There are 2 protein chains.
Amino acid sequence: MASTHIFTAFDDDLKFLTRRIAEMGGLAEQMVSESVRALVNGDVGLAQKVISDDTILDLAEREVGDKAIVTIARRQPMAADLREIMGSIRIASDLERVGDLGKNTAKRVIAVQGTGVPRRLGRGIEHLSELALVQLKEVLDVYTTRSADRAVAIRERDEEIDAMYTSLFREMLTYMMEDPRNITTCTHLLFCAKNIERIGDHATNIAETIYYMATGAQPEGERPKDDTANTVGAVTE
Amino acid sequence: MASTHIFTAFDDDLKFLTRRIAEMGGLAEQMVSESVRALVNGDVGLAQKVISDDTILDLAEREVGDKAIVTIARRQPMAADLREIMGSIRIASDLERVGDLGKNTAKRVIAVQGTGVPRRLGRGIEHLSELALVQLKEVLDVYTTRSADRAVAIRERDEEIDAMYTSLFREMLTYMMEDPRNITTCTHLLFCAKNIERIGDHATNIAETIYYMATGAQPEGERPKDDTANTVGAVTE
């Protein structure tokens, strides 16, 4: 009877963590997509909303961390149960950083307000963010299934984002060289593109954490990397 | 007798965590200072050393995390003891990210290899990194004393780094506008300067964690911010 009770309480703790992480994931996705929309449309109001939403994500991460620690201390979980909780802490931290990257892009909306974003570069950034958001959505979906195989497959896909970032990086340099008046705006867009490229890395981190939760091991081999990035000097993470 | 035994074992766990964090701090500092030296002198060999050192820091963070979790599960610490362990996890994570920023700067040494770094900008980056390293050294020193007052004082000082980053950002834009041939190199230097500015933020995070470890509360009020950054569009974190 007592052990059933403990099992149920532990189960409730895990459900709480899983639900909060799903909510954090939803908010992080929304912040990223809104920050890019605000950038492309010069929508300062939307940018300010993204900046203030970041506080919610910070609090949620702290809440997941606190709940995880209390659960470990109270239930003393072992093996897979312990990995489950440690994984929650790591995933919450990656999602909080994704929110920070959205917030940083939103701050730059105000910085490029005067000049606007060249249409072609705006489309490039939108496209890059779509790839990163698909990656993020998929990894959050895999989180609900805890499939080690699917986690490995997602990890392979960060290469695509790196390759597109590299091509966008090159295009932005060309814009700056063509007309010095583009330099200030393009500098901010370079940082925005970098922010989005880093979202892909956090999705990859989350995929590795899910693999670890499911198997107790780290995925084998180095992360796949797009080697052209270093050739043209785009420097991915 | 039994309780003395438990106390001693817990004490040993804490000592282990404190020692590993001090070691991580030393390595992170070294990586940052070597990455800047490699950048300014175009020393690709030193840059490659920094890149490979990052693995050591990643492993150390994982080791601190694992030890912290095992300690929580085994000793079920409460109040200040529990904060001590949670704080270790957070500080290790900040130090690991400082190492990542050093590694990212090191990767850019290879990207700017052909052109070299303009002397004036190189000095600006060195100066910025000296400020960030002083901040990091001091916060690691405060970590050994757990002084809440000194932690608050360090938090105030991130403004200086933000102000210098803003002035360097402006100078680099001017360089790019003066001569389009500077654009590629300056773009990398902008990212390097941003990496260093972010080290200041991690030092501030660590200061806040120490305050929390010592008092159980978050420091009051918003982080001090240099407002000129947003006026000239430098966008600090």
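So, to start: how much area is buried between chain A and chain B? It comes to about 3,300 Å², and carbon and sulfur atoms give 63% of that. On the chain A side, A:Ile69, A:Phe191 and A:Val235 lose the most area to chain B, and together they make up 17% of what that side buries.

Before I go on, please keep in mind that this is a predicted model. The scores are ipTM 0.87 and pTM 0.90. Chain A has an average pLDDT of 90, with 93% of the residues scoring at least 70.

Okay, back to the interface. If you count residues in contact, you get 35 from chain A and 35 from chain B. Now, what holds for charged pairs across it? Between chain A and chain B there are zero salt bridges. What you do get is six residue pairs in polar contact, counting pairs with both residues at pLDDT 80 or more. As for who supplies the chain A side, α2 (44-75), α3 (79-111), α6 (158-178) and α7 (183-215) each bring at least two residues to it. Sorted by class, that side of chain A has 17 nonpolar, eight polar and 10 charged residues.

Salt bridges do turn up elsewhere, though: over all chains the count is 32. Let me show you one of them. B:Glu84 pairs with B:Arg146, and their closest N and O atoms are 2.2 Å apart. Why pick that one? B:Glu84 sits in helix α3 of chain B and B:Arg146 in the loop between α4 and α5 of chain B, so the pair ties together parts that are 62 residues apart in sequence. As background, side chains of opposite charge can pair when their charged atoms come close.

Last bit, the annotation. An unreviewed UniProt entry lists "domain: PhoU" for chain A, at residues 21-109 and 125-209. In the model, residues 21-109 of chain A are 94% helix and 0% strand, and the end C-alpha atoms lie 28 Å apart. For residues 125-209 of chain A, it's 92% helix and 0% strand, with the end C-alpha atoms 28 Å apart.

Terms used: Residues are numbered from 1 along each chain as its sequence is written. Chains are lettered from A and ligands numbered from 1 in the order in which they are written. Side-chain values use heavy atoms; hydrogens and water are left out. Contact means heavy atoms within 4.5 Å. Buried area is the accessible area (1.4 Å probe) that two parts lose on being put together, summed over both. A salt bridge is a side-chain nitrogen of Lys or Arg within 4 Å of a carboxyl oxygen of Asp or Glu. A polar contact is a pair of N or O atoms within 3.5 Å; within protein, one must be able to donate a hydrogen and the other to accept it, and residues adjacent in sequence count only if both atoms are side-chain atoms. Helices (H or I, at least four residues) and strands (E, at least two) are DSSP runs, numbered from the N terminus. Ala, Val, Leu, Ile, Met, Phe, Trp, Tyr, Cys and Pro count as nonpolar, Asp, Glu, Lys and Arg as charged, and the others, Gly among them, as polar. pLDDT is the predictor's confidence in each residue, from 0 to 100. UniProt positions are given in the numbering used here, feature names are shortened, and annotations may be inferred rather than shown by experiment.
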